[in-house]
Amino acid sequence: MTQEEKKLSEQAIEFFKKKDYDKSKSLYEEILKTNPKISFIYGNLGVIFKIKGDINRAIKCYIEAIKLAENSTEKKQVYYNLAVIYDEIGKNDEAIKYYKK
């Protein structure tokens, strides 16, 4: 990540903590315009979309985060987030699949 991307990410985290999800989302999306290969940005966007009730976009972000994740710890967190979503929407087989990963 560039210094500018780090700065934007830190700002996005601060807006998220203040529950200003729209501003947080906008900053993350701005980062992805110049660097679409940062897995944790997709993971954080997945959390925002889940909070806002956009489950399909949350799932897409989590799947992209898994594809881009550089280590197993990062992947495990996203697998867990996906499992929770699938559990909440009643897709138990999918939930179990991700819980086991």
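Which residues form one aromatic cluster? Tyr79, Tyr86 and Tyr98 do. The notes below start with the model and return to that cluster.

1. **Basis.** This is a predicted model, in which local features need pLDDT of at least 70, side-chain atom pairs count only at pLDDT 80 or more, and totals for chains, interfaces and linings use all residues. Residues are numbered from 1 along each chain as its sequence is written, and side-chain values use heavy atoms, with hydrogens and water left out.

2. **Aromatic pairs.** The structure holds four aromatic pairs. Rings of Phe, Tyr and Trp (its six-membered ring) pair if their centres lie within 6.5 Å; planes under 30 degrees apart count as stacked, over 60 as edge-to-face and the rest as tilted. One of the pairs is Tyr86 with Tyr98: the ring centres are 5.8 Å apart and the planes stand at 15 degrees, so this pair is stacked. Tyr86 lies in helix 5 (residues 72-88) and Tyr98 in helix 6 (residues 92-99), twelve residues apart. Helices here are DSSP runs (H or I, at least four residues), numbered from the N terminus.

3. **Burial of that pair.** Tyr86 is buried at 8% relative accessibility. Tyr98 is buried at 10%. Buried means under 20% relative accessible area, exposed over 50%, and partly exposed in between (1.4 Å probe, protein chains only).

4. **Helix 3 against helix 4.** Helix 3 (residues 39-51) and helix 4 (residues 55-68) pack at about 165 degrees, with axes 8 Å apart. That makes helix 3 roughly antiparallel to helix 4. Axes are lines fitted to C-alpha atoms, for helices over the stretch in contact, and angles run from 0 to 180 degrees between N-to-C directions. Under 35 degrees counts as roughly parallel, over 145 as roughly antiparallel, 65 to 115 as roughly perpendicular and the rest as oblique. Helix 3 passes helix 4 in a left-handed crossing. A crossing is left-handed if the near helix is turned anticlockwise from the far one by less than a right angle, and right-handed if clockwise.

5. **Who makes that contact?** Helix 3 contributes residues including Tyr42, Leu45 and Phe49; helix 4 contributes residues including Ala58, Cys61 and Leu68. Contact means heavy atoms within 4.5 Å. The residues of this contact divide into ten nonpolar, three polar and three charged. Ala, Val, Leu, Ile, Met, Phe, Trp, Tyr, Cys and Pro count as nonpolar, Asp, Glu, Lys and Arg as charged, and the others, Gly among them, as polar.

6. **Helix 3 against helix 5.** These axes come within 11 Å and cross at roughly 20 degrees. Helix 3 is therefore roughly parallel to helix 5. This crossing is left-handed. Ser39, Phe40, Val47 and Lys50 of helix 3 meet Glu74, Asn81, Val84, Ile85 and Glu88 of helix 5. By class, the contact has four nonpolar, two polar and three charged residues.

7. **Glu74.** Glu74 sits in helix 5. It is partly exposed, with a relative accessible area of 24%. Not counting residues up to four places away in sequence, Glu74 touches Ser39, Phe40 and Ala69.

8. **Ser9.** Ser9 is in helix 1 (residues 3-17). Ser9 is buried, at 6%. Leaving aside neighbours within four places in sequence, Ser9 contacts Met1, Tyr28, Ile31, Phe40 and Ile41.

9. **Lys19.** Lys19 is in the loop between helix 1 and helix 2 (21-34). Its phi is near 65 degrees, a positive value in a residue other than glycine. Lys19 is exposed, with a relative accessible area of 62%.

How values were computed
Helix = DSSP H or I, 4+ residues; strand = E, 2+ residues; numbered from the N terminus.
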